[in-house]
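Please keep the sequence and the structure in view while reading.

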Amino acid sequence: MRALARLVLFAAALTVCGPVAAQSLEREVGDFTEKLEIGISTDEISITSDFRGADLTIFGAIDGFDADLLAQGKYNIIVVLEGPKDNATVRKKQRVFGIWVNTQSMTFELVPEAYSLSSTRDIATIAPPRDIANMGIGVDHMRLVPLGFIGDGSSLGEFRNAFRRIREESGVYQRDPGGVQFISSSLFKASVRLPANVPNGIHVVRAYLFRDGLFVAAKALPLRVVKTGLEQAITRAAHEQPLIYGFLAVTLAAITGWGASLLFRKE
């Protein structure tokens, strides 16, 4: 009866939130009896020109859990919202003859354009750091592989740290220890942030279950982010008609500048 009640509560929570996206990944390890289920309120988010960011709520449940371990707080959840991947270039500026110029650069292969992580507590205390690093969970453990020749590699660490710092300062990479909370017995909810400059494309919600420091299971769901209205038209023009888009942008800038000069000129 208790298991049935948990399933009813979980189904009710997902029904309130809306349709559940189709499951795209299921991973369980060893002989653990626990299973992880997750659901999100929608499988598509539309971005308009006045979009200022949003919080996405994920609901989940642990089935087959050990009541004693649950009471002792031995179960921990990590939820990640990972954006589409693309190459990213980091440039280093130095002052040359009084002018700041780009002197070095490094491009990292296929890194997430957005990354938001929530967890029941700091991920460094959930499992051994080596296990977390091997699974690539968290901004600090993200796979950052440089493209092309990098010399002796002495500057690799510097560019990796700069990449993480820039992404976090811009808000596209975020972390929230404590963002996952158990709301009833084995049911939990997580909140992950979609930044205002969230990229188009297929994002992936991933949830990881740990029991007393050991990885148990993982689930993932796709989330489609699309721009609509004027935002979509501008984005499509920039990618599909770059010459026309560039000409119109320059023309608009020239007209705006000319208009401003007329408006603010001194008599």
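Which residues touch the most other members of the largest nonpolar core? They are L36, I58, I77 and V79, in a core of 30 residues.

## Basis of the report

This is a predicted model, in which local features need pLDDT of at least 70 and side-chain atom pairs count only at pLDDT 80 or more, while totals for chains, interfaces and linings use all residues. Residues are numbered from 1 along each chain as its sequence is written, and side-chain values use heavy atoms, with hydrogens and water left out.

## The chain as a whole

The chain has six helices and 13 strands. Both are DSSP runs numbered from the N terminus: helices are H or I with at least four residues, and strands are E with at least two. Of the 267 residues in the chain, 35% are buried. Buried means under 20% relative accessible area, exposed means over 50%, and partly exposed is in between, with a 1.4 Å probe and protein chains only.

Contacts here are heavy atoms within 4.5 Å. Among those between residues at least 6 apart in sequence, 72% join residues at least 24 apart.

## Two nonpolar cores

A nonpolar core is a set of buried Ala, Val, Leu, Ile, Met, Phe, Trp, Tyr and Cys residues joined through side-chain atoms within 4.5 Å. The largest one has 30 residues. Two or more of its residues come from each of β2 (35–40), β3 (44–47), β4 (54–63), α2 (67–71), β5 (75–82), β11 (187–194), β12 (201–211) and β13 (214–227). The largest share, five residues, is from β13.

I58 touches I38, G39, I40, V79, F188, K189, A190, V192 and V205, leaving out residues up to four places away in sequence. Another core, of 27 residues, lies apart from the largest one and includes A88, I123, M142 and L144.

## Helix α4 and R164

The 15 residues of α4 should span 21 Å at 1.5 Å a residue, and the end C-alpha atoms are 21 Å apart, which agrees. The expected span is 1.5 Å times one less than the number of residues. L156, F159, A162, F163, R164 and R167 are buried in this helix. The buried residues of α4 pack against β6 (85–96), β7 (99–112) and β9 (173–177). After the helix comes G171, whose phi is positive, near 90°.

R164 sits in α4, which covers residues 156–170. R164 is buried but has no salt bridge, and D140, the nearest side chain of opposite charge, is 4.6 Å away. Lys and Arg count as positive and Asp and Glu as negative; His and the chain ends are not counted. A polar atom of the R164 side chain does lie 3.3 Å from the backbone oxygen of D140. Beyond its neighbours within four places in sequence, R164 is in contact with V139, D140, M142 and L144.

## Salt bridges

Side chains of opposite charge can pair when their charged atoms come close. A salt bridge is a side-chain nitrogen of Lys or Arg within 4 Å of a carboxyl oxygen of Asp or Glu. The structure holds ten of them. In one, the closest N and O atoms of E37 and K219 are 3.4 Å apart. E37 is in strand β2 and K219 in strand β13, so this pair ties together parts that are 182 residues apart in sequence. E37 counts as partly exposed because its relative accessibility is 34%, whereas K219, at 3%, counts as buried.

E82 and R206 form another, with closest N and O atoms 3.3 Å apart. E82 lies in strand β5 and R206 in strand β12, so parts 124 residues apart in sequence are tied together. E82 counts as buried at 14% relative accessibility, and R206 counts as partly exposed at 24%. D140 and R175 also meet in a salt bridge, at 3.3 Å from N to O. This pair links distant parts of the chain, with R175 in strand β9 and D140 in the loop between α3 (129–135) and α4, 35 residues apart. Salt bridges that share partners join E82, K85 and R206 into one network.

## G201

G201 lies in strand β12 and, at 25% relative accessibility, counts as partly exposed. Its C-alpha atom is separated by 9.3 Å from that of K85, 116 residues apart along the chain. Leaving out residues up to four places away in sequence, G201 touches P84, L223, R224 and V225.

How values were computed:
Polar contact = N/O pair within 3.5 Å; in protein donor to acceptor, adjacent residues only side chain to side chain.
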